[in-house]
Amino acid sequence: MDELLKFAPRPTGAGEMFQLLRDRQPRTRSDLATLTGQARSTIAARVDLLLSSGFVAPAGEATSTGGRPPATFAFNPAARVVLAVDLGATHSRLALTDLVGTVLAEHHEPVAIAEGPGPVLDRVVELGLELLSTAGRPLSDLVSVGVGLPGPVEHSTGRPINPPIMPGWDDADVPGLLSRKLRVPVLVDNDVNVMALGEHTSQWPEVDHLLFVKVATGIGAGIISDGQIRRGAQGAAGDLGHIAVPGGLDLPCRCGNTGCLEAVASGPAIANALANATTSADVVALVRAGDVDASREVRAAGRHIGEVLAACVSMLNPSVIVIGGVVAEAGEHLLAGIREVVYRRSLPLATQHLRIVASRTKGRAGVLGASAMASEHVLSAAAIDALIS
Ligand SMILES: [Zn+2]
């Protein structure tokens, strides 16, 4: 049982001991004493603290080896709730979840991110309080908020940095504005990193190397390597949209360059190539209706994306590439174009076990990731010790 854990550093407090229980396996006080090498009396005191906080709950009785069967305990994800916020340029989705991402209440509505942080975040607070009330949970049960924003974010401060489609948000204190009203820690990251986290934690927890690619108005990737999100020095890692497509068309891009991936393969770029489409949603609708031209253009966009992803595969050697974003809803045509080029252009060792798949979270990757980010923050040893002291 848990052989490796015997050699792990000894927990110093209830928060550390709680880390052993995060796998949700029921354990007895005696199991915990064996795992940590600590005295039964120390274990008992910490279990009592965790039980009274609700983060750990009774989980029935273990099989008896004679005499009275010992009681077991396990992590109780329902103990508290987190608010998960996925803000896009024109659309928002909020979810109240438990501490392992189970959605308890959810709401989505149009948003104009360009109205600026004041009005948009006031609305987030209002909706967050409504979700708490829908789920029948008091504000005191809320322990943190996770937010995904459609632009670059300095992860350490949670502030957007020169976000191109978010006028008025540059350097806005998003965590400060929300935590003043909700009184809990607020974690912020860009939407693609948050989506990568959501897809990873909810669908591919056993995969350590995953690339999540969002194909919508822009094109970007969230990189998970060795199980961790990789943001790079300035948080700009994964910004695939402005990589020049090898052998691509010389089309002008909104960044000032020409031939960027976004200029040839984003939703608006595909719509531009079609007579009867103006938005990404139009493109998806046409493909679904069986329009041959739209399907051909989407597949061609997939090939362009594949050219850039082939280089990413050589660089990062992911075992799963997940394709998400509105354009991915066009279905197999986009994936087929991507697979065609990636498998042809990458070396066999890198593609031997590589899977290229569509997002499975059905528009929820953002809130699931925001929830995971928020929960992870409050379940650390230090945060648990602070919460129960
Ligand atoms: Zn560009």
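Visitor: What makes the lining of the second largest pocket draw on domain 2 and domain 3?

Guide: In this predicted model, at least three residues of that lining come from each of domain 2 (79-195 + 366-388) and domain 3 (206-361).

Visitor: Which elements give two or more residues to the lining of the second largest pocket?

Guide: Those are helix H6 (191-203), strand E13 (228-230) and helix H13 (365-378). The largest share comes from H13, with 7 residues. In total, 25 residues line the pocket, and the ones nearest its centre are Arg-22, Leu-197, Thr-201, Ala-372 and Glu-376. The space inside is about 750 Å³.

Visitor: How do the residues of that lining divide into nonpolar, polar and charged?

Guide: You get 12 nonpolar, 9 polar and 4 charged residues.

Visitor: On to the zinc ion. What are its protein donors?

Guide: They are His-242 through ND1, and Cys-253, Cys-255 and Cys-260, each through SG. These atoms lie 2.0 to 2.3 Å from the zinc ion, and the cut-off for a donor here is 2.8 Å, so they count as donors.

Visitor: How are the donor residues spaced in sequence?

Guide: The spacing reads H-x10-C-x1-C-x4-C. Take His-242 and Cys-255, which are 13 residues apart and both sit in the loop between E13 and helix H7 (261-265).

Visitor: Is His-242 called buried, exposed or partly exposed, and why?

Guide: Buried means under 20% and exposed means over 50%, with partly exposed in between. His-242 has a relative accessible area of 28%, so it is partly exposed.

Visitor: And why does Cys-255 count as it does?

Guide: Cys-255 has 39% relative accessibility, which also falls between 20% and 50%, so Cys-255 is partly exposed.

Visitor: How many cavities of 30 Å³ or more does a search of the whole structure find?

Guide: The search finds 1. The largest cavity has a volume of about 50 Å³, which puts it over the 30 Å³ cut-off.

Visitor: What lines the largest cavity?

Guide: The lining is His-209, Leu-210, Leu-211, Ile-223, Ile-224, Ser-225, Leu-316 and Pro-318. Strand E11 (210-215) and strand E12 (219-225) each give two or more residues, and the largest share, 3 residues, is from E12.

Notes
Residues are numbered from 1 along each chain as its sequence is written. This is a predicted model: local features need pLDDT of at least 70, side-chain atom pairs count only at pLDDT 80 or more; totals for chains, interfaces and linings use all residues. Side-chain values use heavy atoms; hydrogens and water are left out. On a 1 Å grid over the protein atoms alone, a cavity is a set of points where a 1.4 Å probe fits but cannot get out, and a pocket is an open set with protein on both sides within 12 Å along at least five of seven lines; lining residues have an atom within 4 Å of a point. Grid points are joined across faces, edges and corners, and a volume is the space filled by probe spheres set on the points. Helices (H or I, at least four residues) and strands (E, at least two) are DSSP runs, numbered from the N terminus. Ala, Val, Leu, Ile, Met, Phe, Trp, Tyr, Cys and Pro count as nonpolar, Asp, Glu, Lys and Arg as charged, and the others, Gly among them, as polar. Domain bounds come from an automatic or database domain assignment. Donors are N, O and S atoms within 2.8 Å of the metal (3.2 Å for Na, K and Ca); water is not among the atoms, so sites may look incomplete. Buried means under 20% relative accessible area, exposed over 50%, partly exposed in between (1.4 Å probe, protein chains only).
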